[in-house]
Amino acid sequence: MWLIWIVPIVIFVFYGQRIQLMVTSGEIKKGIEKLNRYKDETRKELTDYLQKKSSDDVTKKIDGYLEYFTIMPVDIDPNGIMLKIKHLLRSREDYTRAQVVSLAQNLTPLEVSKIQNLLEVVTSLNLLHKIVRHLFLTAKKQNNFPLILPLQMMLPFVMEQAEALRGAVQAIKSGQPLGDGIGPMVIGKMMLQSEKIPIGLETVYAESDFEGRKLVLLKAEGPSATVGRPGDAVEILVAEKKLDLIIMVDAGLKLEGETSGTVAHGFGAAIGGIGTDRFQIEEVATKHNIPVYAIVIKQSIKEAITLMTKEIADKADEVESQVYAMIKENTKQGQSVLVVGVGNTLGVSQ
């Protein structure tokens, strides 16, 4: 009778780690297969979408673009690294835009921006698939159980991001607003009756008055799928106008348990990305002693990069009211305020 207990104990003592490795490997394999499927599906959707606009075979060019990489600047000496990163990213953006224009004839700026975004989606999924597969195969090759554990823990977060990227494709193709576009939507509504003036690449601003204050409203130029260049635009506007306050409106990631569409106020430059635009805004605001306030509309990563939900869109009027209230509370008549709508302005005009 005691053998019934002894045998399993002996098996788990000598083979327990290997059994756990087999179970964990099965879960990770399923994730890798799903990532591979997402990558292939989005690549096919991009190819089909672009092929309708081009007489040449675009498959080879798209496959070649997916293998492009970016080497970040040396950061052993961090002095001036933000300028190097900005230069690198701008060069990559300009190159990508030129490549997209060369893929098909007579593309409108809106189409070019949509294809750029689709390329980013497919490239990101391709990279996620490669990284997860590399870690998994390395752990298996070395029979390294401790290496596979963090991969198992991170896989749900990776899959959440991958599913969000996959879900973004249809919204981008159809030119509909993304959840991330709530900031530009609020500011675009505020500048509807004003003249729009281009300032920097794919970025516009307008001026209006509000209860004796001068408002400078800034956003990416919609309805293209772009975030514009808010860092450059804020630098120019601060140099040209005498600004007393900067308010930034952006989508923010919610924590688990928080309700989507919750509006929160804070301090500092509310802007995502790799940090170059935020660095520019913080630098110029500090130099001119301009306070920077933030309003964020909380949502999940999936809601941020897929079709804007009704709950998020319905917050536009409420956020607009809160922007005006913030202006009244923090400025006096005769002062000037810069209000920046941050985010991808796809499908959002002004």
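## Aromatic cluster

Let's start with the tyrosines: Tyr65, Tyr68 and Tyr95 are joined into a cluster by ring pairs. Please keep in mind that the model is predicted.

How many aromatic pairs are there in the count? With ring centres required to lie within 6.5 Å, the count comes to four aromatic pairs. In one of them, the ring centres of Tyr65 and Tyr68 are 5.5 Å apart and the planes meet at 25°, so this pair is stacked. The cut-off behind that label is an angle under 30 degrees between the planes.

## Burial of the stacked pair

Is Tyr65 buried or exposed? Tyr65 has a relative accessibility of 7%, so it counts as buried. Its stacking partner Tyr68 has a relative accessibility of 44% and therefore counts as partly exposed.

## Packing of H3 and H4

Now to the helices. A packed pair of helices is described by the angle between the axes and the distance between them. For helix H3 (residues 81-103) and helix H4 (residues 109-141), the axes come within 10 Å and cross at roughly 115°. H3 is therefore roughly perpendicular to H4, and the crossing of H3 past H4 is right-handed.

Which residues make the contact? On the H3 side they are Arg92, Glu93, Thr96, Arg97, Val100 and Val101; H4 brings in Val112, Ile115, Gln116, Leu119 and Glu120. Sorted by class, the contact of H3 with H4 has five nonpolar, four charged and two polar residues.

Definitions and conventions
Residues are numbered from 1 along each chain as its sequence is written. This is a predicted model: local features need pLDDT of at least 70, side-chain atom pairs count only at pLDDT 80 or more; totals for chains, interfaces and linings use all residues. Side-chain values use heavy atoms; hydrogens and water are left out. Axes are lines fitted to C-alpha atoms, for helices over the stretch in contact, and angles run from 0 to 180 degrees between N-to-C directions. Helices (H or I, at least four residues) and strands (E, at least two) are DSSP runs, numbered from the N terminus. Angles under 35 degrees count as roughly parallel, over 145 as roughly antiparallel, 65 to 115 as roughly perpendicular and the rest as oblique. A crossing is left-handed if the near helix is turned anticlockwise from the far one by less than a right angle, and right-handed if clockwise. Contact means heavy atoms within 4.5 Å. Ala, Val, Leu, Ile, Met, Phe, Trp, Tyr, Cys and Pro count as nonpolar, Asp, Glu, Lys and Arg as charged, and the others, Gly among them, as polar. Rings of Phe, Tyr and Trp (its six-membered ring) pair if their centres lie within 6.5 Å; planes under 30 degrees apart count as stacked, over 60 as edge-to-face and the rest as tilted. Buried means under 20% relative accessible area, exposed over 50%, partly exposed in between (1.4 Å probe, protein chains only).
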